[in-house]
Amino acid sequence: MKNPLPASLGGVPVLETEIPMARPTVVSDGPLFESMREILSSGQMTNGRHVAAFEREVADWVGVEHAVAVSNCTTGLLLVLRCLGVSGNVVLPSFTFIASGHAVLWNGLAPVFADVRTDSFCLDPDRVDAALGGDTGAILSVHTFGAPCDMEALESLAAARGVPLVVDAAHGFGARYEDDSRVGTKGIAEVFSLSPTKPFSTGEGGIVTTNDAALARDLRIARNYGNPGSYDSVLLGLNGRLPEIAAAIGRRSLPHLSGWLDRRVALAERYRSNLGDLPGISFQQVRNGAKSVYKDLCVLVEPEQFGLDCSQLEKALTAENIPSRRYFAPPLHRQSVYRKWASGTADPLKGTEWLADRALTLPLYSHMAADVVDSVCEAVRLIQEHADSLRAALPPR
């Protein structure tokens, strides 16, 4: 029986219990447990055969010469910028997760924020071009929510200016570019996250993919304090190693990933189909020919058409036992740590501000039941039907 009222107005919640925002999809079977027993009995918890094998298997799966496992994506970004010897400014989006900017600041570099496109949510190459200057040391792009950015245009800009293009591909493992190559094959390096919220997870971890042999060599030294084995450090590194057990989880899961991603995309399309006709709701556009892995299912909430802003929708969904998240609000340039650099930018970042005021991510994970997606969509539609009454009950942001 259809709910007559949203829970915020006294109705029964669409879901009896709260569902997770995200949940890792992993294999937990006999072969994995046997690998874990082997690792524990060997005493080789790091720098062992599973990490080495995982790197080879990921490189083959992505289609690159080198994959370097690290403790997390942030560490990978830190070390890539360090090993490349980047100096000066780094052009990057403000509409991104904190780690993108932190990797720049931790290297003593200055962030220069360039605006994003409001259709793809990714860096606008025209704005990047305008932000490039004599002090630019690198471009740091992001595959926002797992949708590939315009790498052809960005690679052209980087080549023309003679600066490296590094990609924060935290969301993008398994996505494909317009030429059907996998994300991870472009730029000087692409850096993935393997944390629990990602479509491919090892619990915690990250991996850098590159076709640059010298960079891969330096990264392997840098992730071990810059120690090449002689205890005479040759690089300013840190402890960025991926544990053997995490690598074993990744190795066991990788053969299943394509199927998991197919299901994830199907669930994202189910969201699109169920909500696509709702006034005031729209979705991120994936570049023509490219394939997103939908690390997050993001909707844009247009208050005038929907009847509520995204903050009010977030509160109304919470009452229905449905978590949601305002990614990325605030964007980097509005965060306390970054205001020093944001105040001097010539780019007004209008697209970033527009997205931050409207973007709301809904629950999604690869083994999520289809009827749960339907329940989330039912709740969104019910809330929109009663938007006039809810505006009085829910304060705006």
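Which helices each supply at least two residues of the lining of the largest pocket? In this predicted model, the answer is helix H3 (73-83) together with helix H4 (98-106). The pocket itself holds about 300 Å³ of space. Its lining is made up of 20 residues, and the closest to the pocket centre are Phe97, Ala99, Ala170, Ser193 and Lys198. Sorted by class, this lining has nine polar, seven nonpolar and four charged residues.

The buried set consists of Cys73, Thr75, Gly76, Leu77, Leu78, Leu79, Val80, Leu81 and Cys83. After H3 comes Gly85, which has a positive phi, near 70°.

The nonpolar interior comes next. In soluble globular proteins, nonpolar side chains tend to be buried together. Here, the largest nonpolar core contains 42 residues, and those that touch the most other members are Phe54, Val58, Val128, Phe173, Ile207 and Leu257. Two or more residues of this core come from each of helix H2 (49-62), strand E1 (66-70), helix H6 (151-161), strand E5 (165-168), helix H8 (244-253) and helix H9 (257-275). Of these elements, H2 gives the most, contributing six residues.

Leaving aside residues up to four places away in sequence, Val58 touches Ala67, Phe173, Ile207, Thr209 and Leu254.

Rolling a probe the size of a water molecule over the atoms shows where empty space is left. How many cavities of 30 Å³ or more does the structure hold? There is one, and the largest cavity has a volume of about 30 Å³. Arg272, Phe283, Gln284, Tyr294, Asp296, Leu297 and Cys298 line this cavity. By class, four of these lining residues are nonpolar, two are charged and one is polar.

Terms used:
Residues are numbered from 1 along each chain as its sequence is written. This is a predicted model: local features need pLDDT of at least 70, side-chain atom pairs count only at pLDDT 80 or more; totals for chains, interfaces and linings use all residues. Side-chain values use heavy atoms; hydrogens and water are left out. On a 1 Å grid over the protein atoms alone, a cavity is a set of points where a 1.4 Å probe fits but cannot get out, and a pocket is an open set with protein on both sides within 12 Å along at least five of seven lines; lining residues have an atom within 4 Å of a point. Grid points are joined across faces, edges and corners, and a volume is the space filled by probe spheres set on the points. Helices (H or I, at least four residues) and strands (E, at least two) are DSSP runs, numbered from the N terminus. Ala, Val, Leu, Ile, Met, Phe, Trp, Tyr, Cys and Pro count as nonpolar, Asp, Glu, Lys and Arg as charged, and the others, Gly among them, as polar. A nonpolar core is a set of buried Ala, Val, Leu, Ile, Met, Phe, Trp, Tyr and Cys residues joined through side-chain atoms within 4.5 Å. Buried means under 20% relative accessible area, exposed over 50%, partly exposed in between (1.4 Å probe, protein chains only). Contact means heavy atoms within 4.5 Å.
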